[in-house]
Amino acid sequence: MHSILALYITLMPVILAGILNMIFCKSSLLQAAYRPMDAGLILKDGKRLFGANKTWKGFFGMIVWGALAQILWGLLLKGIPTLEKLHLVYAFYENTVLFNLVLGALLGLAYVLFELPNSFIKRRLEIREGKTAENGWKWTFIWIDQIDSLIGCIIFLLFYIPLSWQQMLGILILGAGTHLGVNRLLYWAKLRKNRM
């Protein structure tokens with residue numbers, strides 16, 4: 001239970017940033033940035049590079065929200081030392097605003113960068129943007145959709161701190177389960193078209 005709490009305390013800013021970024025992307029704010037990252041590029045196979053759902057608004061939004069969420073989370077944990085001690089990164093680095101600004105922005109960047117290969121592959125397999133695969137790939141991509149960004153966050157964290165294989169597996173399992181739960185909530189709130 002102690003280790004599960006530590007993983008959640010460490011992941012919480014990324015989870016919050018993902019929710020805030022989804023709300024931001026659905027809002028009318030900065031609509032000029034709501035442009036596909038691939039600029040509509042169609043490759044030789046006749047399919048889009050990433051598709052219309054991967055936008056600059058979402059890309060930069062996740063970096064900004066990641067930084068803000070990490071700063072606010074760090075400030076909150078400052079007032080609760082028992083929880084702050086459980087944060088996996090704060091065990092090695094001081095919980096400061098500047099550190100959290102960089103940490104949150106880089107986690108946000110890792111999050112969005114590692115979603116791109118998944119989008120690229122799904123376009124090649126003719127899986128529609130923002131939809132779950134309807135063929136034999138369905139359950140494979142439901143799983144991949146939940147963990148692609150988490151893999152990016154784990155790889156980034158490994159540059160900062162040592163993680164055991166149990167912690168990495170825990171991040172994937174807890175993160176994927178939380179991601180599915182959050183997706184359901186966003187679907188019910190009409191902020192997401194697809195339940196998964």
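Colleague: Is Cys25 buried or exposed?
Modeller: Cys25 counts as buried, because its relative accessibility is 17%, where buried means under 20% relative accessible area, exposed over 50% and partly exposed in between, using a 1.4 Å probe and protein chains only. This is a predicted model, in which local features need pLDDT of at least 70 and side-chain atom pairs count only at pLDDT 80 or more, while totals for chains, interfaces and linings use all residues. Residues are numbered from 1 along each chain as its sequence is written, and side-chain values use heavy atoms, with hydrogens and water left out.

Colleague: And what about Cys153, buried or exposed?
Modeller: Cys153 counts as buried, at 3% relative accessibility.

Colleague: How many disulfides turn up in the whole structure?
Modeller: The search of the whole structure finds 0 disulfides, a disulfide being a pair of cysteine sulfur atoms within 2.5 Å.

Colleague: Changing topic, how many helices and strands does the chain have?
Modeller: The chain has 7 helices and 0 strands, taken as DSSP runs numbered from the N terminus, with helices (H or I) of at least four residues and strands (E) of at least two.

Colleague: What share of the chain is buried?
Modeller: Of its 196 residues, 45% count as buried.

Colleague: Which contacts join residues at least 24 apart?
Modeller: Taking contacts as heavy atoms within 4.5 Å, and looking at those between residues at least 6 apart in sequence, 66% join residues at least 24 apart.

Colleague: Where is Ile151, and how exposed?
Modeller: Ile151 lies in helix 6 and is partly exposed, with a relative accessible area of 33%.
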